[in-house]
Amino acid sequence: MINEDTSRKVEKKDLNKVFWRQFGLQVGWNYEKMMGMGYCFTMIPIIEKFYKDKEEKKEALDLHLQFFNTNPTMAPYIIGADIAIEEEAGLENKEAINSFKVGLMGPFAGIGDTVFVAIYRSIVFSIAAYLALEGNFFGAIFPVITALLLWGVRYKFLMVGYNQGHKLITGFANQLQILNEAATVLGLTVIGGLIPSILNVKTPLVFTHGEVKMELQPMIDKILPSLIPVSLVLFCYWLLGKKHMNSTKLIVILMIMGIALGALNILK
Amino acid sequence: MEISFTQILIITLYSFISAIDGLTFQVGLANAIFAGAFTGLVMGNVKLGLAVGATLQLMGLGVASYGGASVPNYKAAAILGTAFAAMTGQSIEFAIGISVPVGILLTHVATLVRFANVYFQHKSEKYAKAGNTAGITKANIASSITWGFGDAIPTFLGLYFGSEVVGFITEKIPGWLITGLGVSGKILPAMGIAILMRYLPFKKFYPFMILGFVIAAYMKVNLIGVAIIGFSIAAIFVIHKEQNGSQTEGGEIDD
């Protein structure tokens, strides 16, 4: 279908306006429509350009204020594709636009929250925290640098989304899957290394057999370095698999455990 | 060390701005490490701030606001923990011990903000009916203020009444509890790692975690080295996957 209506022609500068606005996607997050207001806010430069007719404009605003929620780093892909669809067909098929948005937001939240939240955090903040614990101020700066890289990712997603329009190429999904798995490999390697690097809880226990004093910690170290930290991580992992367990409850359990074991001089 | 009113204002202002950054541009002002470091800088003890922030960050490693779930406020915890420890000259572990409950107490600030923002959503819907795009733009930007105050108010109150709280803590809390809190601070980061293991496909990819552990624990490679090795393994993984993919495709044609 050829777009003969020249008023609906997206230029680079429109996409740039959208790019700056998408940073406001989740600031209005609320329990009713979640990112609904933010989505509409992001689309406003496009709405202003495409729909000069007042009634049409109202329709578009209402459409984009609806419920929306996904991973904010990947959202620009959906926004870009949405712009391409509307550039072609305007508001002719509002249901199609809405179902496109709703259809993508779930899978994108899944992939995005894994790659750009969980794995991203595990790598970036492991390294940053490790540096910070050594007293290195670069630990506080490192996440700022990587955050700017994520800006680039968002920009790229907006452009790729716009260029691919609604023709979601299966190759893209495949690439994302491989990226997801590769990032998981990197993330898990880093957090494996994190355990002995930052968890340095030890036992001060000493066994006395008559004249012989035996410190427990060196014996443990011969079995497995960082045995106590590893056991703690596995203990938490196991507890988190229990029903009705959440991170806040686990914090309370660990606080009490720490106070008890510390006060009894079992751990230090 | 006492905290001056100017210091309180600077930290409160930082807290306001970083709260908004955390939901918009996300340049990294809102994480616990930065919060600790900044507070440490203002209080004249950067090393303390870095250590408190880093430990809290590690605790919260796997705790993110997926789909808008409320999580403990590690940033406020890092700010107040660092400030309290700087005021009393207490240890890093102690600072962490008292900051964790603060973080949990402030979990529901985000919940309140998300309720408050329904007001702006409704306002936007009203503007939409009038075709008023500028109104929607304003409403969305205005909703950032609720996040700013959501963090700034508890931070200000915590710092303002901090000396009383801290005085109480140092006078009334027995020695064994302070030792115990120190151990709590040391074991809490285990939780962050465990949550990540639950969130990521650990059961499928566990050998990579063992590998990372062995490289760091036995070979004493530091974490940046581990990350570089991890990156190489991930790259090899991709190459292997892509080759496998093309081989299967080729096989199909032969059949």
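# A walk through chains A and B

Start by selecting H244(A), which sits in the loop between α9 (227–240) and α10 (247–263) of chain A. Helices here are DSSP runs of H or I with at least four residues, strands are runs of E with at least two, and both are numbered from the N terminus. A quick word on the model: it is predicted, so local features need pLDDT of at least 70, side-chain atom pairs count only at pLDDT 80 or more, and totals for chains, interfaces and linings use all residues. Residues are numbered from 1 along each chain as its sequence is written, while chains are lettered from A and ligands numbered from 1 in the order in which they are written.

Stay with H244(A) for a moment. Its phi is positive, about 65°, although H244(A) is not a glycine. Most residues other than glycine have a negative phi. Is H244(A) buried or exposed? H244(A) is exposed, with 5 other C-beta atoms within 10 Å. (Buried means 20 or more other C-beta atoms within 10 Å of the residue's own, exposed means 12 or fewer, and partly exposed is in between; C-beta atoms are placed from the backbone.)

Now jump to Q26(B), in the loop between α1 (5–21) and α2 of chain B. Q26(B) also isn't a glycine, yet has a positive phi of about 50°. Q26(B) counts as buried, because 21 C-beta neighbours lie inside 10 Å.

Next, select residues 32–43 and 46–59 of chain B: these are helices α2 and α3, packed at an angle of about 160° with their axes 7 Å apart. (Axes are lines fitted to C-alpha atoms, for helices over the stretch in contact, and angles run from 0 to 180 degrees between N-to-C directions.) That makes α2(B) and α3(B) roughly antiparallel, a label for angles over 145 degrees; under 35 is roughly parallel, 65 to 115 roughly perpendicular, and the rest oblique. Residues touching here include F34(B) and L41(B) from α2(B), plus L50(B) and L56(B) from α3(B). Contact means that the C-beta atoms of two residues, placed from the backbone, lie within 7 Å. By class, this helix contact has twelve nonpolar, six polar and one charged residues. (Ala, Val, Leu, Ile, Met, Phe, Trp, Tyr, Cys and Pro count as nonpolar, Asp, Glu, Lys and Arg as charged, and the others, Gly among them, as polar.)

Hop back to chain A and pick residues 206–209 and 212–215. Strands β1 and β2 pair there in the antiparallel sense over four bridges; pairing takes at least two bridges found by DSSP. Look for F207(A), whose bridge partner in β2(A) is M214(A). Two residues lie between the strands of this hairpin, where G210(A) takes a positive phi near 60°.

Time to show both chains together. How many residues of chain B are in contact with chain A? There are 96, touching 92 residues of chain A. Helix α12 (residues 223–254) of chain B gives the largest share of chain B's side, twelve residues. That side divides into 64 nonpolar, 25 polar and seven charged residues.

Zoom in on V226(B), which lies in α12 of chain B. V226(B) is buried, with 29 other C-beta atoms within 10 Å. Beyond its neighbours within four places in sequence, V226(B) has contacts including T189(A), V190(A) and G193(A), as well as I215(B).

Last stop: L105(B), in helix α5 (residues 92–105) of chain B. L105(B) is partly exposed, with 15 other C-beta atoms within 10 Å. Select A77(B) too: L105(B) and A77(B) are 28 residues apart in sequence, and their C-alpha atoms are 9.5 Å apart in space.
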